[in-house]
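Here is a short report on how the chains of one model meet. Look at the structure first, then read on.

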There are 4 protein chains.
Amino acid sequence: MNNGKINVTVWNEYWHEQSEERIRKVYPEGIHAAVAAALNEAGNFNVTTATLDMPEHGLTQEVLDNTDVLFWWGHCKHGDVSDEIVDRVQKRVIEGMGLICLHSAHFSKIFKRMMATDCSLKWREWAEKERVWVIEPGHPIAQGLGEYFEIEQCEMYGEHFDIPTPDKVVFISWYEGGEVFRSGVTYERGRGRIFYFSPGHESFPIYYNENVKKVLVNAANWAAPRTQLREHICPCVEPLEPIENKAK
Amino acid sequence: MNNGKINVTVWNEYWHEQSEERIRKVYPEGIHAAVAAALNEAGNFNVTTATLDMPEHGLTQEVLDNTDVLFWWGHCKHGDVSDEIVDRVQKRVIEGMGLICLHSAHFSKIFKRMMATDCSLKWREWAEKERVWVIEPGHPIAQGLGEYFEIEQCEMYGEHFDIPTPDKVVFISWYEGGEVFRSGVTYERGRGRIFYFSPGHESFPIYYNENVKKVLVNAANWAAPRTQLREHICPCVEPLEPIENKAK
Amino acid sequence: MNNGKINVTVWNEYWHEQSEERIRKVYPEGIHAAVAAALNEAGNFNVTTATLDMPEHGLTQEVLDNTDVLFWWGHCKHGDVSDEIVDRVQKRVIEGMGLICLHSAHFSKIFKRMMATDCSLKWREWAEKERVWVIEPGHPIAQGLGEYFEIEQCEMYGEHFDIPTPDKVVFISWYEGGEVFRSGVTYERGRGRIFYFSPGHESFPIYYNENVKKVLVNAANWAAPRTQLREHICPCVEPLEPIENKAK
Amino acid sequence: MNNGKINVTVWNEYWHEQSEERIRKVYPEGIHAAVAAALNEAGNFNVTTATLDMPEHGLTQEVLDNTDVLFWWGHCKHGDVSDEIVDRVQKRVIEGMGLICLHSAHFSKIFKRMMATDCSLKWREWAEKERVWVIEPGHPIAQGLGEYFEIEQCEMYGEHFDIPTPDKVVFISWYEGGEVFRSGVTYERGRGRIFYFSPGHESFPIYYNENVKKVLVNAANWAAPRTQLREHICPCVEPLEPIENKAK
């Protein structure tokens with residue numbers, strides 16, 4: 001928190017947008033800039049961005065120590081993220097930092113680390129219609145949405161999605177081509193809250209969709225730390241009751 | 001499965017028992033041998049053992065491919081387990097192998113990998129009394145036990161235990177010194193079932209306790225794979241409905 | 001259990017089939033008979049049936065005491081089921097009897113009782129296609145199924161479905177008309193296991209579908225009691241440690 | 001909400017305090033008055049009280065419609081609460097009202113209704129020590145507490161407690177006499193949040209304990225509705241995709 005606002009860092013591998021003209025047309029300043037813009041509209045976040053090619057991928061210890069919620073977008077450069085940075089991010093999540101993984105970040109090192117499963121899914125890029133149904137209408141991440149919202153052209157992500165049973169399945173998507181997908185799921189690990197949200201893609205303007213932007217804002221508010229603690233790890237403790245030490 | 005029996009591999013770092021006379025007196029052939037003996041009594045397991053100092057820690061791909069349930073005991077040599085073997089074990093769990101982590105294995109690389117949290121806890125070695133209460137009397141792992149069972153002398157493991165919310169808290173322990181602990185907890189990750197059970201220690205004869213032995217047997221039966229599958233990872237799929245490919 | 005077989009009772013309000021010719025053509029001997037036939041094919045169940053118009057709706061205490069798993073089908077006669085029988089069924093579920101609620105039983109007294117929520121959903125009877133996706137491929141209820149199965153003509157049941165967060169969402173359905181639904185969900189209440197399965201309808205021959213029949217059989221096997229206990233309710237107990245009674 | 005404050009109604013059967021001198025000495029104006037006082041100190045609640053002997057037990061439709069969070073304390077008069085009022089309270093919980101059940105309310109009609117299980121437990125009134133351990137240190141209900149807090153003299157409530165698997169086990173209690181108990185557990189049913197908290201008793205001054213008061217305040221803040229909705233029940237809906245009605 002800074003000036004009463006939640007500190008958000010939006011991370012992007014920032015590759016497609018620099019290497020492919022058709023992608024740059026959709027996200028001229030990068031997907032991170034589009035996500036940051038959506039958050040900035042809400043007015044209660046201090047938003048900064050970080051990308052793969054920055055020193056330490058832009059995620060120094062100092063940056064993370066000052067991050068309440070980290071957004072993650074990656075796709076074809078997952079393997080270039082250093083394990084040391086993944087360790088660092090995981091440690092911060094356990095301490096209380098929120099983590100929002102978007103779309104193809106299902107296969108990022110940090111998401112797979114936090115899930116401990118394969119995170120495999122089906123996919124198809126046919127620009128078909130996706131209808132995102134609200135399954136938990138009372139959940140903070142679903143506030144301000146109707147019963148469903150639509151994405152006119154999407155990359156299909158389909159079940160089976162190999163993730164641990166979520167705490168809450170907030171959204172389930174219907175696809176024109178016949179699949180379904182748990183498209184918004186929540187977890188807690190240590191003190192940190194995690195949200196995975198599948199809509200979004202490099203070649204479709206999904207992060208400009210008003211409902212998607214609402215979800216990004218809601219998710220950042222939901223995942224912001226309630227408490228953060230650096231605990232002493234595995235302390236040896238004295239008894240609280242007057243017992244004898246028989247192990248001496 | 002082999003001859004209709006469940007294939008169990010019991011892994012032990014096997015250090016205390018070889019390096020300290022007082023530990024060897026409790027487990028002359030190693031903790032793995034005591035756990036294996038408890039399982040062998042049940043009659044429906046093919047039990048083998050593996051230790052840290054074996055090539056590939058005794059956990060070659062072939063061994064794991066033929067293991068239905070893996071027990072894990074480690075304490076002061078967690079750091080000596082190679083990351084490559086941890087990766088291999090994790091992959092097998094996701095495919096369907098059961099994993100039972102015992103006592104100080106709460107801090108093993110494989111348990112921390114599967115939990116993705118700190119797995120920190122409080123501890124005290126005063127040889128105090130532990131009373132293990134059954135919280136899920138209908139759970140397969142609790143079958144044949146009374147409402148609780150006691151361990152006369154234990155190492156205390158106390159909350160807060162930093163683990164993800166378990167699927168089921170099967171046991172909660174009461175300690176003479178004033179603490180409580182979620183001493184038996186279950187998870188599923190991928191196709192694999194995971195059980196953590198805190199009772200057990202190198203210097204107390206806990207793995208000879210009749211109730212503890214029942215839990216080990218029940219846990220192995222519960223964690224044995226129902227199905228195992230090596231899925232194709234992230235397949236690109238054709239639509240199931242007759243839609244047009246607008247992304248061409 | 002009887003002769004090593006699981007005792008199943010299939011309950012049906014049995015109204016549509018007697019009052020409407022077009023329904024009778026689909027299920028000439030009643031939906032209960034079709035469900036019973038599917039279970040009988042499996043060979044490991046003793047199957048009996050019970051209907052609304054029998055004395056005590058066919059669910060006497062003796063019948064329930066000898067029932068391991070109860071299937072429930074109702075639709076337009078939910079209100080005619082006596083509260084006393086609902087109390088009795090609930091008590092048996094808590095003791096360990098499995099309960100499988102089918103399709104329009106989402107609004108039965110017993111399902112609403114066990115869920116404690118509204119159990120409201122959207123519906124449409126347009127005979128559209130339903131594709132049932134397997135979300136938990138390792139779950140016993142999904143064994144023997146492919147990645148999905150289809151029902152050519154169904155009544156659509158759509159989200160939002162007002163139920164407590166399930167232990168496991170085994171199936172999610174896709175509908176031609178654009179909705180999704182958590183079509184197979186599990187719970188535990190007391191010692192009893194509960195499964196709700198939405199496919200099935202009085203005017204479509206869904207209970208003859210081979211995949212649906214597999215689900216019915218799997219569900220009965222899964223829900224069969226592992227243990228049953230009639231506990232003493234709220235016992236006053238002596239302390240287990242030598243403490244003084246300061247309340248005297 | 002009213003004047004930006006959360007509307008809380010504290011319900012009490014108010015029997016012990018009127019009928020027994022020794023209880024009246026502890027809670028001269030009733031347990032509801034003590035709970036209300038603890039909440040009033042927090043400053044962000046409009047607190048009113050209601051008791052069994054009021055018309056409609058003080059829980060008219062109007063009162064409930066204006067209640068964000070309802071506290072419930074009952075013990076020996078559970079049976080005197082009318083089923084109609086229980087139905088009404090359940091309906092409001094499903095719509096979004098928070099429900100906090102205290103101590104012996106584990107056996108109230110409304111708690112048993114929402115749990116759908118027996119809610120049985122062990123008990124002993126020996127005025128022994130209870131140590132309440134925080135199991136979810138990041139949970140809003142645990143804010144401002146240390147790792148544990150103690151209650152010098154309590155009525156013991158012990159496992160097995162027959163409740164559905166909680167969403168979160170926030171507290172686990174240790175007792176001098178040797179038992180453990182899941183003493184703070186959360187649920188969601190419909191839009192409503194439910195918290196059960198076992199500390200508290202008519203003859204011990206537990207609701208004056210500073211830590212217990214913190215929990216009451218935290219619980220009321222946590223359970224306050226995020227959204228409330230009266231949904232149309234089971235609507236028949238038109239398709240969202242252009243499909244043909246084959247059922248005509």
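## A salt bridge between chains

K122(A) and E147(C) join their side chains in a salt bridge, 3.0 Å from N to O. The term means a side-chain nitrogen of Lys or Arg within 4 Å of a carboxyl oxygen of Asp or Glu. The rule finds two salt bridges across the interface of chain A and chain C.

This is a predicted model: local features need pLDDT of at least 70, side-chain atom pairs count only at pLDDT 80 or more, and totals for chains, interfaces and linings use all residues. Residues are numbered from 1 along each chain as its sequence is written, chains are lettered from A and ligands numbered from 1 in the order written, and side-chain values use heavy atoms, without hydrogens and water.

## The contact of chains A and C

Chain A brings 22 residues to the contact, and chain C brings 22 residues. Contact means heavy atoms within 4.5 Å. The two chains bury about 1,800 Å² between them, 61% of it on carbon and sulfur atoms. Buried area is the accessible area (1.4 Å probe) that two parts lose on being put together, summed over both. In chain A, the most area is lost to chain C by W133(A), W174(A) and V180(A), together 28% of what that side buries.
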